[in-house]
Amino acid sequence: MLRAERPPYLSRPSTVPRSPATLLLLTAMLAGPLSAQGPDEGNGVRFGISLGGISTVGLSVELFRDARSIDIGVGTWSFRDLSISTTVRQYVGGSSAKLVVGAGLWLAAAAPAGEGERTGFAVVLRAPIGVDWSVADQHAAGLIMNVNRGLWVKRSDPDDDVPLNRRLVPLPEVYYRFNR
């Protein structure tokens, strides 16, 4: 029996995202606040400490309204550098454990390490994906996988002209936050 060719309307369009992470991010962003509540119903502020992500250790302030928030983090890898990040986050789910997705920018600055070096800078695009769990009233813990991609770099060594690596770099982060 002859095999019929697949009609064009049944073929997979090239614009469909094929990555599971991309599909998860799009689904969560489209879900919107219809079934989700943020860290706490209404408006508020959360303060926290994090390990990993943009730094070895960092502090954060999160301003939230319903199921969305703006998270501002400051941290360091070795006390000779400074990392600052701002992300917009969306919380999805109605239980004490909520899916978190977002997007933002991370700026890093490193002090010169030796003679003839300059201050180094980097701008990185971030996409945090993870889980935020309300452990008790006003307290939360989270596990995030930050997917990062470099956008621009000015290296400390003026003679280093290696092009920026554009691949995705995952960096895990755990945090504790409390509502104020």
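**Notebook: pocket, cavity and confidence**

I sorted the lining of the largest pocket by class and found 11 nonpolar, 5 polar and 4 charged residues, where Ala, Val, Leu, Ile, Met, Phe, Trp, Tyr, Cys and Pro count as nonpolar, Asp, Glu, Lys and Arg as charged, and the others, Gly among them, as polar. I note that this is a predicted model, in which local features need pLDDT of at least 70 and side-chain atom pairs count only at pLDDT 80 or more, while totals for chains, interfaces and linings use all residues. Residues are numbered from 1 along each chain as its sequence is written, and side-chain values use heavy atoms, with hydrogens and water left out.

I looked up the volume of the largest pocket, which comes to about 400 Å³; a volume here is the space filled by probe spheres set on grid points that are joined across faces, edges and corners. On a 1 Å grid over the protein atoms alone, a pocket is an open set with protein on both sides within 12 Å along at least five of seven lines, a cavity is a set of points where a 1.4 Å probe fits but cannot get out, and lining residues have an atom within 4 Å of a point. Of the 20 residues that line the largest pocket, A122, V124, V153, R155 and L164 lie nearest its centre. Strands β5 (97–110), β6 (120–136), β7 (139–154) and β8 each supply at least two lining residues, and the largest share, 5 residues, comes from β7; strands are DSSP runs (E, at least two residues), as are helices (H or I, at least four), numbered from the N terminus.

I then searched the whole structure for cavities of 30 Å³ or more and found 1. The largest cavity holds about 90 Å³ of space, and of its 14 lining residues S50, I54, D71, G73 and E173 are the closest to its centre. By class, I count 3 nonpolar, 6 polar and 5 charged residues in this cavity lining.

Next I checked S55, which is found in strand β2. S55 counts as buried because its relative accessibility is 0%, buried meaning under 20% relative accessible area (1.4 Å probe, protein chains only).

Last, I looked at pLDDT, the predictor's confidence in each residue, from 0 to 100. The chain has a mean pLDDT of 83, and 77% of its residues reach 70 or more.

Note on methods: Buried means under 20% relative accessible area, exposed over 50%, partly exposed in between (1.4 Å probe, protein chains only).
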